[in-house]
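Dear colleague,

The findings follow directly after it, grouped by region.

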Amino acid sequence: PNVTGQGAIHVKTFVSKLRLDAITHIDQQINEWLDKNPDYEVKHVSSAIGTLIGKNVEEALFINVWV
């Protein structure tokens, strides 16, 4: 999927509630994921706030890390 050898070819999405402790936890999850995948080079990161629908409906932070 990456003919030129540049650009992102995979994405990992992280989701967090909008509480300080949850955001701290998502930071830890992202850092651990990157530490476990040292061959990944982060190409782009995007974030959005949206509604997470499950048992409860609540606002959430969505972070996409493109590698």
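**Val-65 and its surroundings**

Val-65 touches His-10, Val-11, Lys-12, Phe-14, Trp-33, Val-42, His-44 and Val-45, leaving out residues up to four places away in sequence; contact here means heavy atoms within 4.5 Å. Please note that this is a predicted model, in which local features need pLDDT of at least 70 and side-chain atom pairs count only at pLDDT 80 or more, whereas totals for chains, interfaces and linings use all residues. Residues are numbered from 1 along each chain as its sequence is written, and side-chain values use heavy atoms, with hydrogens and water left out.

Val-65 belongs to strand E3; helices (H or I, at least four residues) and strands (E, at least two) are DSSP runs, numbered from the N terminus. With a relative accessible area of 3%, Val-65 is buried. The term buried stands for under 20% relative accessible area, exposed for over 50%, and partly exposed for values in between (1.4 Å probe, protein chains only). Glu-41 is 24 residues from Val-65 along the chain, and the C-alpha atoms of the two are separated by 10.0 Å.

**The nonpolar core**

Val-65 is also one of the 8 residues of the largest nonpolar core, together with Phe-14, Ile-26, Ile-30, Trp-33, Leu-61, Ile-63 and Val-67. Such a core is a set of buried Ala, Val, Leu, Ile, Met, Phe, Trp, Tyr and Cys residues joined through side-chain atoms within 4.5 Å. H1 and E3 are the elements that give two or more residues to this core. In soluble globular proteins, nonpolar side chains tend to be buried together.

**The strands**

Strand E2 (residues 44-53) pairs with strand E3 (residues 57-66) in the antiparallel sense, over 10 bridges; two strands pair if DSSP finds at least two bridges between them. E2 and E3 form a hairpin, with 3 residues between them. Along this pairing, Ile-53 stands opposite Val-57 in E3, and Ser-47 stands opposite Ile-63 in E3. E1 and E3 also run antiparallel and are joined by 7 bridges. Within that pairing, Ser-16 stands opposite Leu-61 in E3.

How many aromatic pairs does the count come to? The count comes to 2 aromatic pairs, where rings of Phe, Tyr and Trp (its six-membered ring) pair if their centres lie within 6.5 Å, and planes under 30 degrees apart count as stacked, over 60 as edge-to-face and the rest as tilted. The ring centres of Phe-14 and Trp-33 are 5.7 Å apart and the planes stand at 70 degrees, so this pair is edge-to-face. The pair links distant parts of the chain, as Phe-14 lies in strand E1 (residues 11-17) and Trp-33 in helix H1 (residues 20-36), 19 residues apart. Both Phe-14 and Trp-33 are buried. Trp-33 also forms an aromatic pair with Tyr-40; this one is tilted, at 5.5 Å centre to centre and 55 degrees between the planes. Trp-33 has a relative accessibility of 16% and therefore counts as buried, whereas Tyr-40, with a relative accessible area of 33%, is partly exposed.

Ser-16 is found in strand E1 and is buried, with a relative accessible area of 5%. A polar atom of the Ser-16 side chain lies 3.2 Å from the backbone oxygen of Ala-22. This is a polar contact, that is, a pair of N or O atoms within 3.5 Å; within protein, one must be able to donate a hydrogen and the other to accept it, and residues adjacent in sequence count only if both atoms are side-chain atoms. Apart from its neighbours within four places in sequence, Ser-16 is in contact with Ala-22, Ile-23, Ile-26, Ala-60 and Leu-61.

Asn-37 lies in the loop between H1 and E2 and counts as buried, at 17% relative accessibility. A polar atom of the Asn-37 side chain lies 2.7 Å from the backbone oxygen of Trp-33.

Yours sincerely
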